[in-house]
Amino acid sequence: MTGLLVVTAVPAEAEAVRTGLTDPTATVVPVGVGPAVAGAATARLLALAEAAGRPYGGVVSAGVAGGFAHRVAVGGTVLAGRSLAADLGAESPEGFIPIDELGMSPEQLGGAVAVTADPALLAALRSALPDAVVGTVLTVSTVTGTAASTRALADRHPDAVAEAMEGYAVAVAAAQAGLPFVELRTISNPIGPRDRGAWRLREALTALGSAATALDALGSAALDARRTDRT
């Protein structure tokens, strides 16, 4: 068994993670932007590793994200207690209907509309990152960019702290492979009306590198998680 697979969306995030992560058994790969390519590429990496007889011990989705104002500050770190597909569903005159309320079975959703972080991995990160905000991280295909959509999303998900574009898809790939999963994000901008001038991408990448030092503690936690799942 090899170590962790850490996937990011873009190379800049992968480079930031590598500045903090020193575990030589971990692999850091930028897999692309958005849920489709992130899920497909992660699943392929996991399948290839398993076929080669060197399966990964756990999966981490890492990168920058938008944060909900008053829930997490720009430059802050968030840990996903759940990674949730926030725009997977249907619109109706009464509002958004999540796909799990449309009669879809868990099997048709790859498990559920939200994937809970592995308890051992999340606990290890919380111990190493005591200032991190823990909550639901939303996965979206379209980044939120208006005041109205921000309010609707915040009202629909009162426990959400951030949104990004890959976590849920990576989580489903990990779940399909029977591997523990956790999502780690640092905040580059507040969620709201689109304003590139308010983004602090450089600061978020620096924070990501600092937070990535905590990933060194996950190797043993991932092994413990897999042993627990098998007993």
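Predicted model: local features only at pLDDT ≥ 70, side-chain atom pairs only at ≥ 80, totals over all residues.
Let's start with Arg185, which sits in strand β10 (residues 181-190). With a relative accessible area of 1%, Arg185 counts as buried because the cut-off for that word is under 20%. Its side chain reaches the backbone oxygen of Val64 at 3.1 Å.

Arg185 also takes part in salt bridges. One is with Glu183, at 2.9 Å from N to O, and Glu183 is buried too, with a relative accessible area of 0%. Through shared partners, salt bridges tie Glu166, Glu183 and Arg185 into one network. In the bridge between Glu166 and Arg185, the closest N and O atoms are 3.4 Å apart. That pair links distant parts of the chain: Glu166 is in the loop between β9 (160-164) and α5 (167-176), 19 residues from Arg185.

## A bridge within a helix

The structure has 4 salt bridges. One of them joins Glu15 and Arg18, with the closest N and O atoms 2.6 Å apart. Both belong to helix α1 and are 3 residues apart, or about one turn of the helix. Here the residues are partly exposed: Glu15 has a relative accessible area of 47%, and Arg18 has 38%.

## The nonpolar cores

Now for the largest nonpolar core, which has 26 residues; Val6, Val17, Val60, Val182, Leu215 and Leu218 touch the most other members. Helix α3 gives the largest share, 4 residues. Leaving aside residues up to four places away in sequence, Val6 touches several residues, including Val17, Val28, Ala62 and Leu215.

Another core lies apart from this one, with 22 residues, among them Ala49, Tyr56, Val59 and Ala171.

Conventions. Residues numbered from 1 in each chain as written. Heavy atoms only, no water. Helix = DSSP H or I, 4+ residues; strand = E, 2+ residues; numbered from the N terminus. Buried < 20%, exposed > 50% of the residue type's maximum accessible area, 1.4 Å probe, protein only. Polar contact = N/O pair within 3.5 Å; in protein donor to acceptor, adjacent residues only side chain to side chain. Core = buried A, V, L, I, M, F, W, Y, C linked by side-chain atoms within 4.5 Å. Contact = heavy atoms within 4.5 Å. Salt bridge = Lys/Arg side-chain N within 4 Å of Asp/Glu carboxyl O.
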